[in-house]
Amino acid sequence: LSASRGSFADFLIFTDIHLTPDGSAIWFFTSGHFDGRVHSNDKLRFAQFPTFEDLVTSVSNVATYYNNGYPKDLNADRNGNIDVPNFYGGFQRSCARIDLPPNCFSQERAALGLSAVDTTAIPLATKKLMLGLDPSSPSPIPNGIYLPHSGTVLNGGIYIVGNTSNFRLTIDADGFQNYQMTDQAGVTKRIVLDKTHSRTKVYQGTDSTIYAGLPRGIAYVNGSVTNLGGGARVHGAPPAAVEEDTKLTISATGDVTIDRDITYEQYTGSESVLGVYSSGGNVRITTTAPNDLMLDAYVIATGSH
């Protein structure tokens with residue numbers, strides 16, 4: 001059985017270097033319960049009785065076990081009766097390394113309405129052309145939230161230039177998927193997807209615009225994302241944030257911070273997939289987030305840390 005079914009997106013947790021940014025060890029403790037596959041190109045560490053519902057794989061031929069505070073490496077899936085992870089899908093060591101994606105140009109191209117197969121850098125003139133700006137101008141693209149379109153028809157995803165904050169995923173009272181975010185200049189847009197009629201309505205202040213079609217499943221941010229999450233909890237329970245059958249990747253060149261739960265309405269196999277990807281920074285859960293935060297997403301960070 002191979003470690004991967006295709007790419008890093010096969011995994012609930014994927015690490016290249018299994019350490020914190022300051023070089024400290026990362027441990028899976030008893031409190032950890034993981035519903036999907038876990039892989040590391042490094043060595044994994046286990047303390048007491050964490051639970052893994054699916055296959056766990058590692059490039060290293062050993063794992064480190066906490067051993068009551070005296071860690072030791074073992075080529076085994078347990079440390080006697082002291083550290084006994086629940087590997088319900090198995091634990092395989094000495095697996096092949098899985099290389100990280102070298103850049104996020106594929107996601108950027110998809111958001112602009114271009115082919116995602118091409119992973120080369122995009123010329124500034126091409127970006128401006130796809131965003132409806134003057135491609136002959138040498139000036140930078142203004143900060144803002146864009147939905148590439150031709151006339152009134154959407155042909156790309158969500159393309160954000162500059163940092164964005166309060167990126168909220170919610171389902172409104174009419175059952176429509178909503179994406180709301182604030183750009184670096186303080187302008188807030190709310191994007192409402194009407195899948196039944198294949199149309200999208202964009203609100204900015206008191207103004208609104210209706211487009212035919214739905215945005216592609218990519219929100220590309222040329223910057224960082226601060227405070228990503230769903231709606232506020234109601235009586236202690238997180239409301240559904242992502243509509244059933246939604247396939248969405250939130251791709252940022254900088255850091256992504258998560259401060260609220262992000263949960264799916266319900267799952268229908270491979271049709272419900274949310275990815276959170278930082279190509280040049282870290283993905284972190286903030287200290288203001290609930291201690292029992294629920295995150296129905298695949299997460300990867302390929303920055304230097």
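Okay, let me start with what I'm calling an aromatic pair: two rings of Phe, Tyr or Trp, the six-membered ring in the case of Trp, with centres within 6.5 Å. Go by that rule and you end up with 14 aromatic pairs here. And just so everyone has it in mind, this is a predicted model.

Let me show you two of those pairs. Phenylalanine 28 and phenylalanine 34 have ring centres 5.3 Å apart, and their planes sit at 75 degrees. Edge-to-face needs an angle over 60 degrees, so that pair is edge-to-face. Phenylalanine 28 and phenylalanine 34 are both buried. Then take phenylalanine 87 with phenylalanine 91: that pair is stacked, at 4.8 Å centre to centre and 25 degrees between the planes. Those two, phenylalanine 87 and phenylalanine 91, are buried as well.

Now, which residues make up the aromatic cluster? It's Phe28, Phe34, Phe46, Phe52, Tyr65, Phe87 and Phe91, forming one cluster. There's a charge to mention here too: arginine 93 lies over the face of phenylalanine 91, 4.9 Å from the ring centre.

Okay, on to the sheets. One of them is an open sheet of three strands, ordered β2-β5-β9, with parallel pairing. At the edges you've got β2, residues 33-34, and β9, residues 86-87, and each of them pairs on one side only. Strand β5 is residues 51-52, and two bridges join β5 to β9, running parallel.

Is threonine 51 buried or exposed? Its relative accessible area is 11%, and the cut-off for buried is under 20%, so threonine 51 counts as buried. If you skip the neighbours within four places in sequence, threonine 51 is in contact with Gly32, His33, Phe34, Asn86 and Tyr88.

Next sheet. This one is also open, three strands in the order β4-β7-β8, and here the pairing is mixed. β4, residues 45-46, and β8, residues 72-74, stand at the edges with a single partner strand each, so one side of each has no neighbour in the sheet. Strand β7, residues 63-65, is joined to β8 by three bridges, and those two run antiparallel. If you want a residue pair to click on, alanine 63 has leucine 74 as its bridge partner in β8.

Strand β18 covers residues 199-204, strand β19 covers 207-212, and six bridges join them in an antiparallel arrangement. Arginine 199, for instance, has alanine 212 as its bridge partner in β19.

Last thing, confidence. Mean pLDDT for the chain is 91, with 95% of the residues at 70 or more. Where does it stay under 50? That's residues 1-6, and the model has 14 contacts beyond four places in sequence for that stretch.

Key:
Residues are numbered from 1 along each chain as its sequence is written. This is a predicted model: local features need pLDDT of at least 70, side-chain atom pairs count only at pLDDT 80 or more; totals for chains, interfaces and linings use all residues. Side-chain values use heavy atoms; hydrogens and water are left out. Two strands pair if DSSP finds at least two bridges between them. Helices (H or I, at least four residues) and strands (E, at least two) are DSSP runs, numbered from the N terminus. Buried means under 20% relative accessible area, exposed over 50%, partly exposed in between (1.4 Å probe, protein chains only). Contact means heavy atoms within 4.5 Å. pLDDT is the predictor's confidence in each residue, from 0 to 100. Rings of Phe, Tyr and Trp (its six-membered ring) pair if their centres lie within 6.5 Å; planes under 30 degrees apart count as stacked, over 60 as edge-to-face and the rest as tilted. A charge sits over a ring if NZ of Lys or CZ of Arg is within 6 Å of the ring centre and within 35 degrees of the ring normal.
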